[in-house]
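Good morning, and thank you for coming. I would like to take you through one structure this morning, step by step, and I ask you to keep it in view as I speak.

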Amino acid sequence: MINFFLDILGKIISKIPEWILAEFSLCLGWCIYVLFGSRRSMMLRNLHRAFPEKTEEWRRRIALLSCQRMVEMGLFVMASPYLSNSRIKKIIELDRTFLKIAEERKNKDEPDILIIPHFTLIEALTLYPAVYDAPKQEVGVIYRPLNQISLENWVKRTR
């Protein structure tokens with residue numbers, strides 16, 4: 001049942017214009033920041049430890065932005081399996097340095113391993129062949145499995 005719900009929701013989100021999703025992310029991110037006090041406190045404490053020289057206002061702004069980006073990532077996770085290649089290319093831009101390295105390695109007959117931080121749009125890694133116009137390349141991802149089995153199955157099926 002959850003797979004059906006995620007499929008429908010993902011297909012709907014994939015058709016919504018980006019500006020609407022951006023506004024929704026701003027609103028829902030603000031709600032998360034305001035309503036989830038323990039999460040907000042944790043973020044502000046962590047930001048204070050990491051950036052003691054910054055102002056409290058700066059830390060609050062970054063914490064709010066973090067909540068908004070979390071919503072954006074959630075929407076992207078649900079929509080990405082249903083995005084067209086043209087929309088993927090419009091949304092995702094690859095770094096020039098990465099493109100140069102990829103071009104140099106394009107005809108090598110050996111695999112490449114990319115290691116990226118978890119919270120840097122890792123979901124986009126599975127879209128690499130569509131963005132780079134490299135349909136012959138296979139992409140595998142090592143990740144920590146989810147505890148909820150039906151959600152885990154949906155992730156495997158859609159990636």
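A word first on the source. The model is predicted, and residues are numbered from 1 along each chain as its sequence is written. Local features need pLDDT of at least 70, side-chain atom pairs count only at pLDDT 80 or more, totals for chains, interfaces and linings use all residues, and side-chain values use heavy atoms, with hydrogens and water left out.

Let us look at the whole chain. Its secondary structure comes to eight helices and zero strands. Helices here are DSSP runs of H or I with at least four residues, strands are runs of E with at least two, and both are numbered from the N terminus. Along its principal axes, the C-alpha trace spans about 50 × 40 × 35 Å. The chain has 159 residues, of which 30% count as buried. Buried means under 20% relative accessible area, exposed means over 50%, and partly exposed lies in between, with a 1.4 Å probe and protein chains only. I shall also speak of contacts, that is, heavy atoms within 4.5 Å. Among contacts between residues at least 6 apart in sequence, 69% join residues at least 24 apart.

Which residues have the most contacts inside the largest nonpolar core? They are I13, Y33, A63, L75 and W154, in a core of 18 residues. A nonpolar core is a set of buried Ala, Val, Leu, Ile, Met, Phe, Trp, Tyr and Cys residues joined through side-chain atoms within 4.5 Å. Helix 1 (2–15), helix 2 (18–35), helix 3 (37–50), helix 4 (56–79) and helix 8 (149–158) each supply at least two residues of this core. The largest share, seven residues, comes from helix 4. Another core, of eight residues, lies apart from this one, and F76, L127, A130 and V131 are among its members. To return to I13: leaving aside neighbours within four places in sequence, I13 is in contact with L21, L75, M78 and A79.

Helix 4 has 24 residues and reaches 35 Å from its first C-alpha to its last, close to the 34 Å expected at 1.5 Å a residue. That expected span is 1.5 Å times one less than the number of residues. The buried residues of helix 4 include W58, R59, A63, L75 and F76. What do the buried residues of helix 4 pack against? They pack against helix 1, helix 2, helix 3, helix 5 (85–91) and helix 8.

L47 counts as buried because its relative accessible area is 14%. Not counting residues up to four places away in sequence, L47 touches P52, R59, I62 and A63.

Now to the rings. A pair of aromatic rings is described by the distance of the centres and the angle of the planes. Rings of Phe, Tyr and Trp (its six-membered ring) pair if their centres lie within 6.5 Å; planes under 30 degrees apart count as stacked, over 60 as edge-to-face and the rest as tilted. By this rule the count comes to one aromatic pair. F51 and W58 form that pair, which is edge-to-face, with 5.2 Å from centre to centre and 70 degrees between the planes.

K54 lies over the face of W58, at 5.1 Å from the ring centre. The charged end of R40 sits over the ring of Y33, 5.5 Å from its centre.

Finally, consider helix 8, where R157 lies. R157 is partly exposed, at 48% relative accessible area. Although R157 and N3 are 154 residues apart along the chain, their C-alpha atoms are separated by 9.7 Å. Beyond neighbours within four places in sequence, R157 is in contact with N3 and D7. S150, also in helix 8, touches I2 and N3, not counting residues up to four places away in sequence.

How values were computed: A charge sits over a ring if NZ of Lys or CZ of Arg is within 6 Å of the ring centre and within 35 degrees of the ring normal.
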